[in-house]
Amino acid sequence: MASYDLILRMNECFNELELSITDLTRFLNQLELLQARVFSLPEVEKGHEHNPALRIAVTPHQGDSAHQLALHHFQKLFIHHNGDNISSKAAVRLPGVLCYAVDQAEYQAAQLLIQEVNKLKSELEHIVTVESGLPAEQRFEFVHSHLRGLITLNAYRSISYLLQPDSVRFGWANKHIIKNLRRDELLCQLEKSLNAGRAVPPYSREEWAANINREIMDVQNLPEHAILKIKRPVKVQPIARVWYRNSQKQVQHPCPSPLIALCLRDARMPLPKLGELTDYDANSIKHKYKPDSQPLNLLIKRLHLYTDQPV
């Protein structure tokens, strides 16, 4: 059970975050907008959160309409900001970029405002995921009992800014989260889940405990040297590839929200070149080089846990 002090700090942190985001969007609205380009993605309907995305249709926006969509997107933190049939478990994504002409004072002010927003986002996430001491399955109830309707994915997501990029182009990234585990480390995690004594729908508490006990036995039957690897697929993500001519350097950014590009005002200031985000089609992806991976066997489906041992 979280303490009263922790709940109070969580609420205070969130209130400060809302105010900081409002300050940032007001400030950005006063800057000289050079160009803006964002790409709306289809909303995820309730019950479709885990469906694989084989095709994603993109709707491009430019200019002032793109700018206002982006500023509104930064403030979208609650379920009621979505339609009634839209899932609250999937964060709304709006890849794109906003380019502003700024002097040195405006650049420093924008940087400080963005850093303050990101600091509060990080602090809120730390309170919920670390200081609360709650397992992942219990955090939803904890957050929503005090900040009803909060979409934590939106609240935690940081805002990225760029200084004088020469081009910003967009694409899609497919990847897996891969984590190697030791046998004793995995057993410790499973024991914690068992001792928590919770029920995970659609199972009763007794049925869930039986499932975990079965998983513990399967892991105990493995040799100590067994390879254990979590290989969890991540849904396809929009990315931005940013090019800096002076340093001859390209930097890749995840792009679930519009990037903020700050261009120092100068008579010779060129506009950054902005690319398009095309529709995603899983069937058209071509891998330049895909190395052979070690054959592994699925051990625990819910954890996406694989082993090199026969199962």
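This is a predicted model: local features need pLDDT of at least 70, side-chain atom pairs count only at pLDDT 80 or more; totals for chains, interfaces and linings use all residues.
Student: How far apart are the end C-alpha atoms of helix α7, and what span should its residues have?

Tutor: Helix α7 runs over residues 205-220, which is 16 residues. At 1.5 Å a residue, the helix should span 22 Å. This agrees with the distance between its end C-alpha atoms, which is 23 Å.

Student: Where around the axis of α7 do its buried residues lie?

Tutor: The buried residues of α7 are W208, N211, I212, E215, I216 and V219. They cover an arc of only 140° around the axis, so they lie on the same side of α7.

Student: Which elements do the buried residues of α7 pack against?

Tutor: The face turned away from the buried side carries the exposed residues E206 and M217. The buried residues, by contrast, pack against α6 (183-196) and β12 (297-300).

Student: Is E215 buried or exposed, and which residues does it touch?

Tutor: E215 is found in helix α7. Buried means under 20% relative accessible area, and E215 has 12%, so E215 is buried. Leaving aside residues up to four places away in sequence, E215 touches L190, I300 and R302.

Student: How do the residues lining the largest cavity divide into nonpolar, polar and charged?

Tutor: The count comes to 1 cavity of 30 Å³ or more, and the largest cavity holds about 90 Å³ of space. Its lining is formed by H73, F74, K76, L77, K121, N154, R157, S158, I159 and S257. These lining residues divide into 3 nonpolar, 4 polar and 3 charged.

Conventions. Residues are numbered from 1 along each chain as its sequence is written. Side-chain values use heavy atoms; hydrogens and water are left out. Helices (H or I, at least four residues) and strands (E, at least two) are DSSP runs, numbered from the N terminus. The expected span of a helix is 1.5 Å times one less than its number of residues. Buried means under 20% relative accessible area, exposed over 50%, partly exposed in between (1.4 Å probe, protein chains only). The arc is that of the directions from the helix axis to the C-beta atoms. Contact means heavy atoms within 4.5 Å. On a 1 Å grid over the protein atoms alone, a cavity is a set of points where a 1.4 Å probe fits but cannot get out, and a pocket is an open set with protein on both sides within 12 Å along at least five of seven lines; lining residues have an atom within 4 Å of a point. Grid points are joined across faces, edges and corners, and a volume is the space filled by probe spheres set on the points. Ala, Val, Leu, Ile, Met, Phe, Trp, Tyr, Cys and Pro count as nonpolar, Asp, Glu, Lys and Arg as charged, and the others, Gly among them, as polar.
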